[in-house]
Amino acid sequence: MTDLAASPARPGRFAKIARSVGLLRESPIGMVGLTLVLFWVLIAIFADLLPLRDPLAQAGADLLTPALTPSPDGGHYWLGTDDKGRDILARLFYGSRLVLFWSGFATVVAYAVGMLMGVAAGYRGGWWDEIISFIGNVFLAFPQMVLYIVILSQLGPDSSAGQWLAGEGFSTVWVKGLTIVLAVMFATAPQVARIVRGLVLDLKTRDYVAAAEVRGETPIYIMIVELLPNARGPLIVDACLRLGYVTIAIAALGFLGLGLPPPDPDWGKMISEVRGYGTAAANAMIWPALAISTMVLGLNLLADGLREISLRD
Amino acid sequence: MVTPVLECKNLSISYYTRAGEVPAVYDFNLTVNPGEAVGIVGESGCGKSTVALAIMQYMGKNGAVTGGEIKFLGRDMRAMSDEELRRIRGSQIAMVYQEPMASLNPSMRIRDQLIEVPMIHEGLDAAAAEKRAIELLDAVRLPDPLRILNSYPHQLSGGQQQRAVIAMALLSNPKLLLLDEPTTALDVTVEAGVVELIKDIAKRFGTSMIYISHNLGLILETCDRICVMYSGQSVELGSVKQVFDQMRHPYTRGLFQSIPLPGTDRFAHPLVPIRGQLPLPRDRPTGCTFGPRCDFFQKDRCGPPQHMQEVRGDAGHQVRCARYGEIDWSAQVHQGVQSEPMQPGKVVLQVKDMKKYYEIHNNSLAALISGRGVRYVKANEKLDFEAREAETVAIVGESGCGKSTFAKVLMGLEKATGGEVLVNGVDIGKLPVKKRPQGLISSLQMVFQNPFETLNPSHSVGSQIGRVLKKFGVAKTREEIERKTAELLDMVKLPREFADRKPRQLSGGQKQRIGIARAFGGNASVVVADEPVSALDVSVQAAVTGLLTDIQRKKRTTMVFISHDLSVVRYLADRVVVMYLGRVMEQGTTDQVFAPPYHPYTEALLSAVPIADTSIVKKHIVLKGELPSPMNPPPGCPFQTRCPRKIGAICETDLPEVKELAPGHRIMCHLPEAELHQMEPVIAVARKPVH
């Protein structure tokens, strides 16, 4: 590589991440959060390497078995089985991939749109601000669940947009997933935009912004290069919280039957599938519920920890 | 012998941070006698505010007194209980902070904030407390105390707020008043009034005072004794006269040599910056803390830790220097590098009758009905002046005078409402920066005020300079950008490695140098410097003004220097434009403006500037009233509401003509020429200046 000048920056970046984690050590709450989140992230990444059963394979005989039931193949159903005899542990662990992927994807999209809306409204002001804030307020005026249901019912696989996507070769999972991403974007981006707008209103009075204006930079350059990077501190904290909310929302949609199509193991859906069996399904319901809460709790605690270390100096 | 009001003995104070214990102040000794005013002076980070907080026993969670004692009226405050301390704070010891708006509760009326002091500390009832509050508001010379009592803080001006805070501090007749930069946030003419008041209080109430400031001139005006601090220690202590006239510590002398006193001149008598930087608390040398920056450093003498010692033959004068007796203090008074004055060239910038009005839209129903929906703020009215190549023109005025608005029009961030702004003969007053050709943009650049905001904290120094070079087409390829960036860093005398640093790794002065490098990156022919040194410590100020002069000489740049600080202006500028409420009151060469005949406003401004020189005799002109709002300027002459030389009705009705008293020296005033010529100088030097 001829790019010698750029190479010193690399170890700098790694050192920076290492330093941030080092700082987080001082916040016990943040470390608990980081541990919980890392647990699920590592599970999602390495699910294939773990000795798990096939999450879709149905064992006809062992339905709704409790945890630690011996299985016919000589092992155990560590967390029991669901109403179709599928291994709950395997479904949970493989399900973490779906949950993390779709909630992460949805949050990133919502954030990208929200940041652009917020920075434009905050920096340009005037009519830009009026229009963007008005659109955002319209979406914020709906109860979130109602908004999700309206969007998902209008844009599902049966809608024209869904059929077009299907015609383009997207599988049902992708069509469903993308509509969820879209719904999350409509519900979340206005909230992100509000935060970013507030931060930008303060940042744009700084002299370095005036310096950029004075040398004739375009508004786009100023927004992306001068303003947004300096809003990142509070936004990273907010993004952690927001990812937790989106995880809950996607689980709730799965529970309502509006989530990803069967038979993929989505945590919300895992609960709703067995809820008809009442107390007999308590074991099958408690595990996915625990999975959702540990992950969301982890994200919230991580956000608290990040906020704590950012306030201290 | 009288008991001192306050006695600090071998005091040391530390902060506890993530990185461990940081000693902020150590081996600090200070005695304040009854009725005495003691000044503590030093640059940022020297520990002067920490001392004040320790005296209040108000260190916060991460600070603590780690050694020594603080005796208040003979009793050690460290042994007092929280309850006792609470009783003393506010009644026996009171404090006035820098930001008046931050010391007053914005949601409470002044009345409620004032009367609670005697109610809590002395158990007075509300009526008696209010009577006392009115007396004190009167004592701090606030007009109409009843109206003030019923106001909320935001309804008062900055000067009025600070007076109210001082009244609050005096309510329980404290023995000791701590003032931490009480006038730094105020305009000069308002500051002059508050300083008068502080001096008066000391006399009338017999209150002892500790006055903390970075401004030596203010200490001279207010204090009997002075303590100079450097890097957590006191380095020199004595009466104001002893320290100002016969300073015996090299740091004190360095400070005096780096402030622009009358008699300094950027060519013949340039300021002498103190080299190096204030060491961080953990990098402090074990011996003399000033050693690495001192010209008189000798390893064997200055290596071991230094202690305060009495100056021989000068009672009450202490200094922390091993070699004070060996230094020839009369030699090397000015060791700055002298240079030839610059010869101004052709006219580069011409401002002709420039106007800038802002429209204020009032969308209320009442305004719509009465048809007064739009009002105008006349930020600039008939601005008229020119600047030549290699010349520095200063625009001087207090907040709201329109000096920053003019800069915005010049830079293309605002459009002029009328008149012309010609740069090399081309009118750019109505040309926004978007429509300006690249060559014009790069020839007109700006240096900003606040070093902490001038650089984007997210990007490296090199990339920020590089962006300018690329944007202005000075350099295109990567190698070229790197080479030119290095050259610019050389020009502002910073190491080339700084290109890889982030702004937070730089000190204030270094950031300001990068700001200067950025402004000159595209070969600017006109550079607007908006208070470029006002946020810097004095020793750094001297270095930055020197740098600006050097670069200007090399590049023959026209500088428009915007400032409220007349001392810096006198030092740096060739010509001066004095503005008040959007209008030019006086303009001329620096010599013309700083000598009579004056415009009455210039006269008041000059008398308000504190000067740290005991040989200077100043006329004291304290302006009455407050700065009017530019939204609602007075009719006639804008200065008539505060003018001490107002001659009558004509000032209230007619705008004065501009009189040309000497070639280039123009004054807008109704005073007859003969009377203007009879004015006496505001500043008289008892001793001959070092010209």
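# Close-up views of a predicted two-chain model

View 1. Phi of Arg141(B) is about 60°, and the residue comes just after helix 5 of chain B. The model shown here and in every other view is predicted. Helix 5 covers residues 126–139 of chain B, 14 residues in total. From first C-alpha to last, helix 5 of chain B reaches 20 Å, close to the 20 Å expected at 1.5 Å a residue.

**View 2. The buried face of helix 5 of chain B.** Which residues of helix 5 of chain B are buried? They are Ala129(B), Arg132(B), Ala133(B), Leu136(B) and Leu137(B). Down the helix axis, the buried residues of helix 5 of chain B fall within an arc of 140°, so they line one face of the helix. An α-helix has 3.6 residues a turn, so residues three or four places apart point the same way. The packing partners of the buried residues of helix 5 of chain B are helix 4 (110–122), helix 6 (145–149) and helix 7 (158–170) of chain B.

**View 3. An open sheet of eight strands in chain B.** The strand order is 6-7-8-3-9-10-12-11, and the pairing is mixed. Strand 6 and strand 11 (309–310) of chain B are the edge strands, each pairing on one side only. Strand 11 of chain B pairs with strand 12 (residues 318–319) of chain B in the antiparallel sense, over two bridges.

**View 4. Strand 7 of chain B, covered on both sides.** Strand 7 spans residues 176–180 of chain B, and five of its five residues are buried. Leu176(B), Leu178(B) and Asp180(B) point one way from the strand. Leu177(B) and Leu179(B) point the other way. In a regular strand the side chains alternate between the two faces of the sheet. Strand 6 (residues 93–96) of chain B runs parallel to strand 7 of chain B and is joined to it by four bridges. Met95(B) has Leu178(B) as its bridge partner in strand 7 of chain B.

**View 5. From strand 7 to strand 8 of chain B.** Five bridges pair strand 7 of chain B with strand 8 (residues 208–213) of chain B in the parallel sense. One bridge partner pair is Asp180(B) and Ile212(B), the latter in strand 8 of chain B. Together with helix 8 (residues 188–205) of chain B, strands 7 and 8 of chain B make a right-handed β-α-β unit.

View 6. Residues 37–41 form strand 3 of chain B, with five of its five residues buried. On one side lie Ala37(B), Gly39(B) and Val41(B); on the other lie Val38(B) and Ile40(B). Strand 3 of chain B runs parallel to strand 8 of chain B, with five bridges joining them. Strand 3 of chain B also runs parallel to strand 9 (residues 225–230) of chain B, with four bridges. Ile40(B) is placed opposite Ile212(B) in strand 8 of chain B. In strand 9 of chain B, Ile40(B) has Cys227(B) as its bridge partner.

**View 7. Two loop residues of chain B with positive phi.** Asn173(B) is not a glycine, yet its phi is near 50°. Asn173(B) sits in the loop between helix 7 and strand 7 of chain B. Is Asn173(B) buried or partly exposed? Asn173(B) counts as partly exposed because it has 15 C-beta neighbours inside 10 Å. Ser231(B), also not a glycine, has a positive phi of about 50°. The loop between strand 9 and strand 10 (233–239) of chain B holds Ser231(B). Ser231(B) has 25 C-beta neighbours inside 10 Å, so it counts as buried.

**View 8. Val348(B) in strand 13 of chain B.** Strand 13 covers residues 347–361 of chain B and includes Val348(B). Val348(B) counts as buried because 22 C-beta neighbours lie inside 10 Å. The C-alpha atoms of Val348(B) and Val526(B) are separated by 7.9 Å, while the residues are 178 residues apart along the chain. Beyond residues up to four places away in sequence, contacts of Val348(B) include Ala387(B), Arg388(B), Val423(B) and Thr558(B).

**View 9. A cis peptide bond in chain B.** Pro596(B) and Pro597(B) are joined by a cis peptide bond with omega of about -5°. Pro597(B) lies in the loop between helix 21 (590–593) and helix 22 (600–608) of chain B.

Note on methods. Residues are numbered from 1 along each chain as its sequence is written. Chains are lettered from A and ligands numbered from 1 in the order in which they are written. This is a predicted model: local features need pLDDT of at least 70, side-chain atom pairs count only at pLDDT 80 or more; totals for chains, interfaces and linings use all residues. A residue is buried if 20 or more other C-beta atoms lie within 10 Å of its own, exposed if 12 or fewer, and partly exposed in between; C-beta atoms are placed from the backbone. Two strands pair if DSSP finds at least two bridges between them. A crossover is right-handed if, with the strands pointing away from the viewer, the path from the first strand over the helix to the second runs clockwise. Two residues are in contact if their C-beta atoms, placed from the backbone, lie within 7 Å. The expected span of a helix is 1.5 Å times one less than its number of residues. The arc is that of the directions from the helix axis to the C-beta atoms.
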